[in-house]
Amino acid sequence: MMKMRARLTGLLVLLMTASLTAGGTPSAAADPLWFDAQAAAAFTVQQGRFTDGLGREVVLRGYNVSGETKLEENGGLPFASAADAAKSAAALRALGGGNSARFLLSWAHAEPVRGQVNHAYLAAATEQLRAFLKAGIRVYPDFHQDLYSRHLFNQGSWYTGDGAPKWAVDAGNYPQESCGICLFWGQNITQNEAVKRATYDFWHNRGGVQDAFLATAQATMAYFAQHLTPAEFAAVAGMDPYNEPHAGSYDSGQTSRAWERDVLWPFYVKFRARMDAAGWQNKPAFVEPNLFWNANISFQKQEGGLLDAGSALGPRYVFNTHFYDQKAISGIFMPGKAADGQYAGDFATVRDRAAGAGTAAVVSEFGHPLTGTVSDKAPTVGKAMYQALDSRLPGATWWSRPEQSGPVLSGTQWQWDIYHGRHHELMNGNPDKVLTAGDAWNDEDLSAVRLDDSGTAVLRQDARLLDRLYPSATAGRTVAFSYEDRSRDGSATLSWNPVPASLPRVSELVGSGQYGVLLWRSDGTAAPTAAPTELHLPASFATARTTVVSDLGAVTGPPSYTTSTPIAVAPEPGGTGSRRLLLGSGSSGSSGGLHYALVTNGATAPSAALLSGARAELATWAAGVAARG
C-alpha cells in the first residue's frame, strides 16, 4: 500500500514538474528517468533502513550547511543570498559527491521577539533550502545550538555560542559567563556556569522558554510545508529538533541515562507532536542522544543513547548521533595517526544502538580540524571515519567475512561553508574583534570547501576522500559494501583494503585504481519493471574508464541507461553534472538472490579474458558469502 501511494504521488509530482517546465519556467534538472519521481515521492524508515518511494534502501551522504548559520554576518542564514545557496548546492553535489544536507536554522533569528515569528527569516531560509532541493539533494533542517546562545557572552568573551534568542537569555538573569581554564570551546558545556544554568532552564521549561521554542519550531515547519511545492517538500527528509543535547546540570541523584529518559525523551515526544501538527506526520524526527554518550575519552563518556526509548524509535524517529575523535583532537591521547579500522568499534556501537531501537541511524556530524596542531591527522581520521560508515569491518578483514559488514551508515560531514576564510564576523558584536579566518567561530576550521579568488567553489580536502562511491539506493537489501578511495596523506597513498591474493585477476583489474564492492539481495522484482540499484559515481570515475564486473555482466565504459541495460550510467537528478551507476535486478527476479558488483577505475582497456577471469573469481567468492549466510 505504501509503495502504491508513493507511485501515485510520484506520478503527480512528475506531471506537476512537466507542467511547470511547459509553462515557461526553466528546469535546471537533467531529464528524469522513469522511476525518479516515484523514488523521490517518499522518504521513510522501514525495517531499520531508510527507504525511498519505491521501497529501495537509501543511504544519505553529504554535509552540514553550514556553520555560517552560527554567525551574525548573514543574519543567522547559511548564505548571503539564494544565488550563493545555489552555487553551494551545485558544488556539494558535483564536487563533494553528496546527496543530502543537514540544513542549519537559528532559533534566535526565527523568533527574535518572544511570540513573534520572523517570517522574513523563514522566507529567506526557504529560498536557500529550495536551492538544495532543486539540485537533487535531500535536506533535513536542524535547529542548531552550541553553548545555548551567543547572548550569554559579552564583547570581551573568549568564546561565543549560538541558538537561543536574546529575550530567552535576558529572562534568565544568568551570571557573567566564565569557562575558567579551558583549552577547547566545548569545555564551556560542563564548566561555564551561565551555559549550564541556561541549558538547565531550557530543559525544565523555566518561564515557558521550551514551550516558546516548540511553538516556533512548529511555525517554521508549517511554513516550509506551505511554501515548498509538493515535489520539494517530498525531498525534505525530516527534522533534527535539537543539536547536541546535554542536561546543563543534573538534579541530585540523577544519572545521564535517567535524564535522557525523564527529560530529553519527553521533549522529543512533544516535538514529534509539533511535527505532526505542522504537516510533517510522514517524516521522521532525527533525534540525538546526550552528546557524551559515545565520547571516546573515558572521563567524558556518559551513559546514554536513548536506551530507555526501547524499540519505540522506528519508524517515526531516526537515531541521530555525532562522532568526533576527541583523542585525536586533544593532541595528547592519540599521538599518532588513524589507521585501518580505527573507528570500526565506535560506529558499530551506532549500528547496534539503532538496530536495538528498531530504526535507521545517521551520523549527522563528524570531521576533524583542517588547520592547527592536530591537522596532520585529518587525512587518516577522515578516511577511517568514512571507512567505518561504509562497513563495520576493517579493510584488512573485509574480503574474508563481508557478510558481517552491517548496514551502510548515512552521514553528513561537518561542514560545507563556501565563505570559509572570507568571513566578516564581529565576535559577540565587538567591532574590535572582526573574525575572517577559518570558520570564524571559536577558532574552528573544518569546512571541506571554500571559494577561490574567482568565486569558484573548490575543495579543501582530497577529492578522493570526499567524492566517494556509495550505494545511494539499493533495490533490495545491502549485504556488504566497501570502498577503497586511495586518498592521500601528503604524498602517501592510503590503501587499507587490499584485494586478497586468492583473487589474482581481480587484483590485476583493480591495479592501483580506486574500487568499490557491493553485495546486495534483490527484492524479487524483475526488470524492466524494477527500478535499478544506484551508486553515486565519483568524478574520478570517468565513464570511459569505469569498469563494472558483476553477476549482471562485465563492461568497461558503461552505456547510457535504458530499461533493458543491466549496467549503465546516467546523470543524477538535479542537473549538476554528477552521475550515477545503475545496476538492474537481472532477468530472474528471484527474491533474495545475492548480487555482486565490483566497480573500479583501475584499468583503461581490460581484455575480455581479464574481465572473464575476474568475474569467475568474484562469482566463486560471492557464492561462499551466500553459503555462510
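**View 1. Gln187 in its loop.** Gln187 is found in the loop that runs between helices H6 and H7. This is a predicted model. Gln187 is partly exposed, because its relative accessible area is 22%. Which residues touch Gln187, once neighbours within four places in sequence are left aside? They are Cys179, Ile181, Cys182 and Asn192. Phe323 is 136 residues away from Gln187 along the chain. The C-alpha atoms of Gln187 and Phe323 are separated by 16 Å.

**View 2. Confidence along the chain.** The average pLDDT of the chain is 93. A score of at least 70 is reached by 93% of the residues. Residues 1-29 have a pLDDT below 50. In the model, this stretch has 25 contacts beyond near neighbours in sequence. Where pLDDT is low, the predicted coordinates should not be read in detail.

**View 3. Two cis peptide bonds.** Most peptide bonds are trans. A cis bond joins Val65 and Ser66, with omega at about -20 degrees. Ser66 lies in the loop between strand S4 (61-65) and helix H3 (82-94). Another cis bond joins Trp414 and Gln415. For this bond, omega is about 0 degrees. Gln415 is found in the loop between strand S10 (410-413) and strand S11 (425-426).

View 4. Most residues other than glycine have a negative phi. Asn173 has a positive phi, near 50 degrees. Asn173 lies in the loop between helix H6 (166-170) and helix H7 (188-191). Asn442 also has a positive phi, near 50 degrees. The loop between strand S12 (434-435) and strand S13 (449-451) holds Asn442. Is each residue buried or exposed? Asn173 is exposed, with a relative accessible area of 71%. Asn442 counts as buried, because its relative accessibility is 9%.

**View 5. Aromatic pairs.** The count comes to 40 aromatic pairs. One of them joins Phe50 and Phe286. Their ring centres are 6.1 Å apart and their planes are at 20 degrees, so the pair is stacked. Phe50 lies in strand S2 (residues 49-52), and Phe286 lies in strand S7 (residues 285-287). The pair therefore ties together parts that are 236 residues apart in sequence. Phe50 and Phe286 are both buried. Phe267 and Phe271 form a tilted pair. Their centres are 6.3 Å apart, with 50 degrees between the planes. Both residues lie in helix H11 (residues 256-277). They are four residues apart, about one turn of the helix. Phe267 and Phe271 are buried.

**View 6. Lysines over tryptophan rings.** Which ring does the charged end of Lys70 sit over? The charged end of Lys70 sits over the ring of Trp441, 3.7 Å from the ring centre. The charged end of Lys383 sits over the ring of Trp496. Here the distance from the ring centre is 5.3 Å.

View 7. Helix H8 spans residues 193-203 and is mostly covered. How many of its 11 residues are buried? Eight are buried. Among them are Ala194, Val195, Lys196 and Ala198. Thr199, Asp201, Phe202 and Trp203 are also buried residues of H8. The buried residues pack against helix H4 (107-110), H7, helix H9 (209-227) and H11.

**View 8. The largest cavity.** The model has 12 cavities of 30 Å³ or more. The largest holds about 110 Å³ of space. What lines the largest cavity? Its lining includes Gln145, Asp146, Leu147 and Tyr148. Trp185, Ile189, Val195 and Thr199 also line the largest cavity. Glu244, His246 and Gly248 belong to the lining as well. Val195 and Thr199 are also among the buried residues of H8.

**View 9. Gln302 and its contacts.** Gln302 is found in the loop between S7 and strand S8 (317-323). Gln302 counts as buried, because its relative accessibility is 18%. Leaving aside neighbours within four places in sequence, Gln302 is in contact with His246, Tyr250 and Ser256, among others. Its contacts also include Asn290, Phe292 and Trp293.

How values were computed. Residues are numbered from 1 along each chain as its sequence is written. This is a predicted model: local features need pLDDT of at least 70, side-chain atom pairs count only at pLDDT 80 or more; totals for chains, interfaces and linings use all residues. Side-chain values use heavy atoms; hydrogens and water are left out. Buried means under 20% relative accessible area, exposed over 50%, partly exposed in between (1.4 Å probe, protein chains only). Rings of Phe, Tyr and Trp (its six-membered ring) pair if their centres lie within 6.5 Å; planes under 30 degrees apart count as stacked, over 60 as edge-to-face and the rest as tilted. A charge sits over a ring if NZ of Lys or CZ of Arg is within 6 Å of the ring centre and within 35 degrees of the ring normal. pLDDT is the predictor's confidence in each residue, from 0 to 100. Contact means heavy atoms within 4.5 Å. On a 1 Å grid over the protein atoms alone, a cavity is a set of points where a 1.4 Å probe fits but cannot get out, and a pocket is an open set with protein on both sides within 12 Å along at least five of seven lines; lining residues have an atom within 4 Å of a point. Grid points are joined across faces, edges and corners, and a volume is the space filled by probe spheres set on the points.
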